[in-house]
Structure formats: C-alpha cells, structure tokens
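Here is a short report for a first look at this structure. The sequence and model come first, then the notes.

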Amino acid sequence: MEILSVSQVNKYIKNMMDCDTLLSDITVTGEISNFKRHSSGHYYFSVKDSGAAISAAMFKWQNRNLKFMPENGMRVLVHGKISVYEPSGQYQIIADSIEPDGIGALYAAYEKLRQRLESAGYFDRSRKKPLPQFPRRVGVITSPTGAAIRDILNILGRRFPLAEVVVCPSSVQGEAAPAELAAAVDAMNRARACDVIIIGRGGGSIEDLWAFNSIDVVMAVAESDIPVISAVGHETDFTLCDFVADMRAPTPSAAAELAVPDSAAVMNYLRQFSAKSKSSLDRIIKSGENRVAAVMQMHCMKNPMNVIETKARMLDDVWTSINAGQSEILGSCEMRLRENASRLAALNPMAILGRGYSVVYKGGAPINSADSLTEGDTVEVQLSDGKAECIVRSVEKISMKGYDM
C-alpha cells in the first residue's frame, strides 16, 4: 500500500481535474454570493443555487475585460475551468468570463418589496424620529455570540458608561431569525425598555443578511415608537431595515457611536462652558464695580446734603409757582362764572315776569296772538309770584305797524 502526503493527494486531484475535458471548459449558472474584490484586483465569490454552492475566483487579467461589476444576488453565467487550490484542497471555478443571466431570485424579491415600501412612504424622512441626546438606556438586538455585540458593548462602555445597556438576544440569520428579530423590537416597545434601539449584525452574503429584508422585521422597525438605529453588515451592505430605521449606521460599531454621546467630549464641553460662564460673570461683576466706583465719584455722592438742600429749594420754588398759578386760574374761573351767571339771570323767564310781564296760557299752551282767543275763553295767567284764572270778556286786535324792530 502506497502512503501519500496531503500535498501529493491534492496535486493528484488537481492534475485529474485539469485533464478532464468537461471540467476544463465548463459554464455554470447561479447567483453570486460573498463577492469580494481583493486589493490585488482579483475577484473572489461563490456561485450558488437553491441546493449547493461552489467557490470561484477571477483574476484581474481576466476581470479587466468585464463590462459590469458583479454584485451579490446577481444571477450569472460563469465560464472557466474547475481546479483545485492545493494549499487548502478546495476546488473552485477559475473564471475567464462572466455574463449576466437575469437578476437573482433573492434580489428580485428584495427589489419588489423595496419598491412597495417606498411607494407607501416608509422611507420618507418625515417619518424619522430624532435620536435622544443623552439616553439613559440603550437597547441592543443582535446575536449574543457574534462580534457585533462585543463591539457595541465595548464602544458604549467607553463612550458613555452612564447609559444602561439592555440586550435582547436574537438569531440574525436562518429561518427563525425574522420572527425573533421582530418579536424583540415589539417587546422592547411594549416594556419601554430603552430610549434608543440598535438592531443589526456583522457582514455577510445577501443570504446571511436576508432576515433584515423580511417584511416582519421591516414593519416592526418602521412602527417602533422607540427610535431605531439599523446596523446591518458592513458599510457597503444595505437592507430594507436600513431604509425604514430612524438612522442607518454603516457598521455595528458606528451604531454604538451614534447612539450615545462621547462622555469625554461632553465633559470637555462642560469645562469650556463653565470657563466661559465664569469669564462672562467676572466681566459683568467688574463692569458693575466700575459703574459703582464712577457713581461714588459723582458730586451728589460726595456732598449729598448740598444736593438735598438744592433740590429742596427747587421744590419750594416749584410749589410757590404752583400756588401762584392755582390762584390765577381760580380767579379767572370765578370771573367767568359770575359773567355766565349774569347772562343766565338775564335770560331767566321769571326775571322778565318780575318786571311786570305775564304769560297767558290756554289749554296749557302759551298764547302769543289775539287770534288764538275768543270771547268767553278761560285762560290762565302766569305772574312772577303766582297764577290767575281769567275769563275773556272781549278780544281786541291791535296793529303792530310801527312797532317792528
């Protein structure tokens, strides 16, 4: 029995695959997943369907001829050969061309739901709630074992240790993840467990992040009364949860920085504010002292009795002037009163009667013409000191010609 080393086995399998006519000229159809563009310029990704996946690589001298940029979820036709990467024993497609083959099923579902939510207004800026400036409690919904929770807790503790952290563990991928994530958001809202929620996970393929495109999770985040920061994947990853959240963070670490203020920066601001306030108060006090000193140097403050005596004399002069004016005004008013009284007395009807005149009334109405009287009429005569009832014995009309004034 021949004993082979691992390297010999991998080399043997590689030679077999390289010599296989089918595997050396093959076209595979599927969805791109886990796409990475290496700093060297090479592309590394997987091609998968509903049942399996295969690793693929496309070197920069081949991919420079592509007329599009491959993306996760894109359905493609990959042409190349099957080979083995000997150091790890992993077989893969070495691609020499990639052609689009329509949009992948997951990406199509994503786009359909995204358009429906956008049309319904769930992405509108007017729906976004502001984040609290100084939260007392920060809720975190993510996997309890992933790197994301460690990064978030580390940054929250370093930046703002005054905030209490409430962790609601949940699956972040797999069939159970959507229901668990949505339930966690609802539970935090019902209990008012925190002032702001961070929901998310680390990076991954479109399949790994798909729970955050679930309608259940999206609606739970959109309808949350507590502001939500979505932190799903890396900076280039976008999910529907990002669009409906009140704030999108490029990474879980960035979400922690957005959720709480930097306590060191807050303390520095307070120190600066305190120093500025003290400086401003010192200026106000100094200005007041200068004004008081200036007032104390005034003549009135040095010789207050002189000022009081001067003001007293001025008051006496004013009082004398007021009295003189008052007497003059009263005299003038008294004279006008006497004149008006004389005019009223002259116009008084009773004064006229006192000079020997009388007024004749018939039926209560004054008589001013002989035409108004007939023989036998009963009339009333008003005198200066009484009345008399008389009977007309005769009426004689006198011509007034020659008496007109």
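## Salt bridges

A search of the whole structure finds eight salt bridges. A salt bridge here is a side-chain nitrogen of Lys or Arg within 4 Å of a carboxyl oxygen of Asp or Glu. This is a predicted model: local features need pLDDT of at least 70, side-chain atom pairs count only at pLDDT 80 or more, and totals for chains, interfaces and linings use all residues. Residues are numbered from 1 along each chain as its sequence is written, and side-chain values use heavy atoms, with hydrogens and water left out.

Helices (H or I, at least four residues) and strands (E, at least two) are DSSP runs, numbered from the N terminus. E118 is partly exposed, at 42% relative accessibility. Buried means under 20% relative accessible area, exposed over 50%, and partly exposed in between (1.4 Å probe, protein chains only). E111, R114 and E118 are linked in a network of salt bridges.

## Links around strand 10

D246 forms a salt bridge with K129, with the closest N and O atoms 3.4 Å apart. D246 lies in the loop between helix 7 (240-244) and strand 10, and K129 in the loop between helix 3 and strand 6, so the pair ties together parts that are 117 residues apart in sequence. D246 is buried, at 10%. K129 is partly exposed, at 24%.

D242 pairs with R248 in another salt bridge, the closest N and O atoms being 3.9 Å apart. D242 is buried at 4%. R248 is partly exposed at 22%.

Five strands form an open sheet in the order 7-6-8-9-10, with parallel pairing. Two strands pair if DSSP finds at least two bridges between them. The edge strands are strand 7 (164-169) and strand 10 (247-248), and each pairs on one side only. Two bridges join strand 9 (residues 228-232) to strand 10. I229 has M247 as its bridge partner in strand 10.

## Cysteines

How many disulfides are there? The count is zero, where a disulfide is a pair of cysteine sulfur atoms within 2.5 Å. The sulfur of C194 is 9.5 Å from the closest cysteine sulfur, in C168, too far for a bond. C194 is buried, with a relative accessible area of 2%. C19 is exposed, at 65%.
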